[in-house]
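Hello,

Here is the structure I promised to pass on. Please open it first, then read my notes below.

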Amino acid sequence: MFIEYSWQIMPLLLLVFMAIWAILLYWRKLRPNLIFVTCLVLSVSSIGIAWWSYQQTIYILSNQERPIITVAFSPKQGATDLVVKTIQSANKYIYVAAYSFTYEPIADALSEAHDRGIDVKIVHDNSQKNVRGNQLSSLKRVGIPTRINSKYKSMHDKFMVIDGVTIQTGSYNYTENAEKRNAENVLVINNDSEIVTAYLNQWQKLWLESVDLK
């Protein structure tokens with residue numbers, strides 16, 4: 001604790017030392033010498049630097065990006081729109097873990113992201129790969145790497161990791177039923193490094209234990 005705040009404490013201790021020195025000089029009726037003047041200048045300068053550093057620290061902390069959370073719901077309460085908007089915000093990559101993926105608007109958004117150079121990858125549950133309307137084959141055809149996970153009874157995840165700064169998750173499967181008929185939720189978290197890291201690690205685990213879609 002002392003080491004952490006020593007940069008703030010030491011200038012004050014130096015100033016106290018200089019005050020005691022000045023009192024002793026006055027008491028003994030001695031004139032300040034060059035050493036005293038030099039130390040006084042250094043102590044005043046160090047206090048000024050410490051104060052400036054403190055103000056900079058406060059400024060950085062007050063302007064630091066904080067987690068931003070956005071939510072939406074279904075049916076027809078903005079869930080799909082939020083997912084698509086989050087996909088469109090990507091600048092580098094989108095890593096998807098999907099239990100079920102049959103909804104064309106989300107597939108189209110991922111295809112468009114892929115077309116503009118975003119690294120899109122999808123890992124999908126094995127039991128859902130042959131469901132009617134599944135979008136995986138069309139996404140694979142446009143060049144999006146897609147893998148199938150069969151390690152679990154159900155790989156029931158439905159989340160996206162985007163650019164290492166954003167997580168899209170919730171109960172919402174990427175299906176028309178989720179948008180139009182079910183009561184679902186979508187949660188988007190930005191700027192929370194611990195949560196993003198946890199989801200990214202989980203996605204990488206799912207990806208590595210999966211096999212390419214054939």
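**The largest pocket**

The largest pocket holds about 200 Å³ of space. Keep in mind that this is a predicted model. Residues lining the pocket include T70, L82, K85, T86, S89 and N91. D163, V188 and N190 are also among them. By class, the lining has four nonpolar, six polar and two charged residues. Helix α3 (79-88) and strand β7 (184-190) each supply at least two lining residues. The most comes from α3, with three.

**Salt bridges**

The whole structure has five salt bridges. One of them pairs R147 with D212, with the closest N and O atoms 3.1 Å apart. R147 sits in strand β4 (residues 146-149) and D212 in strand β8 (residues 211-212), so this pair ties together parts that are 65 residues apart in sequence.

K180 and E176 form a salt bridge too, at 2.9 Å from N to O. Both lie in helix α6 (residues 176-180), four residues apart, or about one turn of the helix. K180 is partly exposed at 38% relative accessible area. E176 is partly exposed as well, at 33%.

K205 bridges to E209, and their closest N and O atoms are 3.5 Å apart. K205 is partly exposed, with 37% relative accessibility. E209 is partly exposed at 23%. K151, K205 and E209 are linked in a network of salt bridges.

**A nonpolar patch**

V16, I20, L24 and W27 make a nonpolar surface patch of about 440 Å². L24 belongs to helix α1 (residues 2-27). Its relative accessible area is 38%, so L24 counts as partly exposed.

Best wishes

Note on methods. Residues numbered from 1 in each chain as written. Predicted model: local features only at pLDDT ≥ 70, side-chain atom pairs only at ≥ 80, totals over all residues. Heavy atoms only, no water. Patch = residues over 30% accessible without salt bridge, like charges linked within 9 Å, V, L, I, M, F, W, Y side chains within 5 Å. Areas by Shrake-Rupley, 256 points an atom, 1.4 Å probe, with all protein chains shown as cover. Salt bridge = Lys/Arg side-chain N within 4 Å of Asp/Glu carboxyl O. Buried < 20%, exposed > 50% of the residue type's maximum accessible area, 1.4 Å probe, protein only. 1 Å grid on protein atoms, 1.4 Å probe; cavity = no way out; pocket = protein on both sides within 12 Å on 5 of 7 lines; lining within 4 Å. Points joined across faces, edges and corners; volume = space filled by probe spheres on them. Nonpolar A, V, L, I, M, F, W, Y, C, P; charged D, E, K, R; others polar.
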